[in-house]
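Please read the report below with the sequence and the structure side by side.

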Amino acid sequence: MTSLLDLDLLWVTGKGGVGKTSTAAAIAEVAARSGRSTLVCEMDAKGALASALGVDELDFTPVEVASNLHAMSMSTEDALREYLRLFVRIPFIGRIGPLAKTFDFVADAAPGVKEILSVGKLCFEVREQNYDLIVVDAESTGHIVSQIGAPKVIADLVQVGLVREQTQWMLDILNDADRTGVAVVTTPEEMPVTESSELLRRLTLETGVHPAVVIANRVLPVLFDRREQAVVDQLDAALPTLINAVGPGAGAVLEAARFTDARRRTGAQHLGRLRSELDAADPPLNIPIITVPELFARNGGRRVVSLIADGLADELDIEIPSDR
Amino acid sequence: MSEVDNLLASREMVLVAGSGGVGKTTIAAAMGIAAAQRQKGKILVLTVDPAKRLATALGLDEVGNTPVRIEPAMFTEAGVAVRGELWVAMLDTKAGWDELIRRHAPDAQVRDAVLANPLYQNITSRFVHSHDYLAMEQLHDLHATGDFDLVIVDTPPSRNALSILDAPSRMIEFFGSRLLRWLTVPYRSRLFTVASKPFYQVADRVLGSRFLQDIADFFVLFQAMEKGFVKRARAVEALLADARTAFVVVTTLETAPSHEAKFLAQALLNRGMTLGAMVVNRVLPARLAGNDAIASANALLEARPELADAVAEQLDDASPVTVAAVLAQLAERFDDVALVASRETERRAELATFATTMLDVPWLTGDIHDIAGLGKLAEYLRVDSVNG
């Protein structure tokens, strides 16, 4: 993970619901706490990052939400405005409203135009060295390829023009494994693991961007060691004694632990499968799978982000052993 | 009959919606099985998820745009008795678009030109909303053929579930937009149109004239198909609000999915569409958070030292020290489960204000990846829970 924080640009993706935004915020927090000037950027303007960071709302202009930690929310229109100002030197900024609206339509239909504006903005921040690390709360696993692959698509599609020239320096940043990486967040469940595995195996081929790490979120703790497990397994024999001593809910207490443990084991199997699929990829994907424990706190927000950040900081560079 | 059987028997189309990762695909497949168990006739489950999950769940290697029937033998093997036929199809966005172009193109020349246009090829595979629209389009198509008695649609994972509902009107809007009119005025004369001049100057410098020309060419072709597209989009829109159509919103009781579910339920209500049921997936068994259990967990923590000896005596080869550790762990860890369960109970109560039918599916410890598992899920959907 030391090397993870040494990247310039880190895209955080994951299947919907796995905790992508909280994890992106937590990585940014770890980076900021380690003394790196960090920018975290939400791409879909849904406001999830703002609530993860415990601020009211985020805007295209970054704000410092904690020491060393800056946050912004991407806006295609603002990115276009800035782009035109910086590169095309269009003076009539005030009148760009309707133009941007029209552009939005083109962008919606023309592949990659919208994406390249937002990806371009982030690459620009990298190029200008405004931060040590930029963490992006990016699109979900289903759409991330379209997002970070946009410069490649444009380079393939557009033969001449300013955009074409612009894509080359972006690709130089994006395709450099020492500068840009993708963190895939997953939960130890079948579907998120399957999608993560599929994404990781095609990511570099389709976008030129390299995967950096898998973050397994909400990993359940091991409750019992081997000797204790032997006791748990035969505890039903003593259940009457337990009920007699602590009341009729003793069975449910035992069931809750078994239930949690069964979920943990299933989850560990999925993560083990992910590891072997990544190892079996061609070329093998030797990226680490690091784990963040289940926090048993389902309300998101600043506290959860800090707890995830603690977990991440602990788990740095530790690979999850496959469960067997 | 249970609520879910009523729903599946009274509608011709059921759209399964909800945020990503809540188990929509699995629930849609289980509903297909539930319908096939109780109804004669042909039931189709249409999945639009690019991850090809339904195929795996149903033991099919490859499912495409053309519906495939699940072999009756597979149900027999899985011990699931069915009366109807269950068919599965998966939306192939690219093939779906090609099909649309073939249908709406006024002549072979336009058709071939569109299909060969490099932009078209990119747009159809990358246009983020194209999944949404195509799902609706194909639903309409399948319904119109009358081949199926019931079509269950697993809607695409969207950033915003609403985009499915809005997909047809967005398509209509697109054809009516000034942008399309601008783009489709012949390129040369357009440069002299005062209104579009600033736009083209900028667009020209930013995108390059060649790319712009490609875009323009594409939209000129596309506009030739306006009539067919708009008519179709209107029909799809009407179908969504039709009395024969119902939505099923799937959610878990986690923060983000339940928020999305509430939002979606409200949007359906506002649009006069029918919310047939809300499926709450991965619910913790209620008894795990009951008062009895909480009391016992607390008592266990207190009584543990004395209990350990008594319990150890009844077990094989167990030291009182290990037993004491186990009992402590049981009592302490119970709080985690109880905390989650009580939060979930609260959220479920909030969701219940939106739907008259709530279907709870417990958190199953094993993953569902075969017909037997889906059959079990169908049974859970049949357990009517008391609302409120």
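Is the crossing of H6(A) and H8(A) left-handed or right-handed?

## About the model

This is a predicted model, in which local features need pLDDT of at least 70 and side-chain atom pairs count only at pLDDT 80 or more, while totals for chains, interfaces and linings use all residues. Residues are numbered from 1 along each chain as its sequence is written, and chains are lettered from A and ligands numbered from 1 in the order in which they are written.

## Two helices in chain A

The crossing of H6(A) and H8(A) is left-handed, a term used if the near helix is turned anticlockwise from the far one by less than a right angle, with right-handed used if clockwise. Helices (H or I, at least four residues) and strands (E, at least two) are DSSP runs, numbered from the N terminus.

Helix H6 of chain A covers residues 113–127 and helix H8 of chain A covers residues 150–157, and their axes come within 8 Å and cross at roughly 125 degrees. Axes are lines fitted to C-alpha atoms, for helices over the stretch in contact, and angles run from 0 to 180 degrees between N-to-C directions. H6(A) and H8(A) are therefore oblique to each other, since angles under 35 degrees count as roughly parallel, over 145 as roughly antiparallel, 65 to 115 as roughly perpendicular and the rest as oblique.

Glu115(A), Ile116(A) and Val119(A) of H6(A) meet Ala150(A), Pro151(A) and Ile154(A) of H8(A), where contact requires C-beta atoms, placed from the backbone, to lie within 7 Å.

## A buried residue in chain A

Ala48(A) lies in helix H3 of chain A, which spans residues 48–53. Ala48(A) counts as buried because it has 20 C-beta neighbours inside 10 Å; the cut-offs are 20 or more other C-beta atoms within 10 Å for buried, 12 or fewer for exposed, and partly exposed in between, with C-beta atoms placed from the backbone.

Leaving aside residues up to four places away in sequence, Ala48(A) touches Thr21(A) and Glu42(A). Between Ala48(A) and Lys20(A) there are 9.9 Å in space, C-alpha to C-alpha, although they are 28 residues apart in sequence.

## Chain B

Chain B has 18 helices and eight strands, and 46% of its 388 residues count as buried. In chain B, the axes of helix H1 (residues 3–10) and helix H2 (residues 24–38) come within 10 Å and cross at roughly 80 degrees, and H1(B) and H2(B) are therefore roughly perpendicular to each other.

Note on methods. Contact = placed C-beta atoms within 7 Å.
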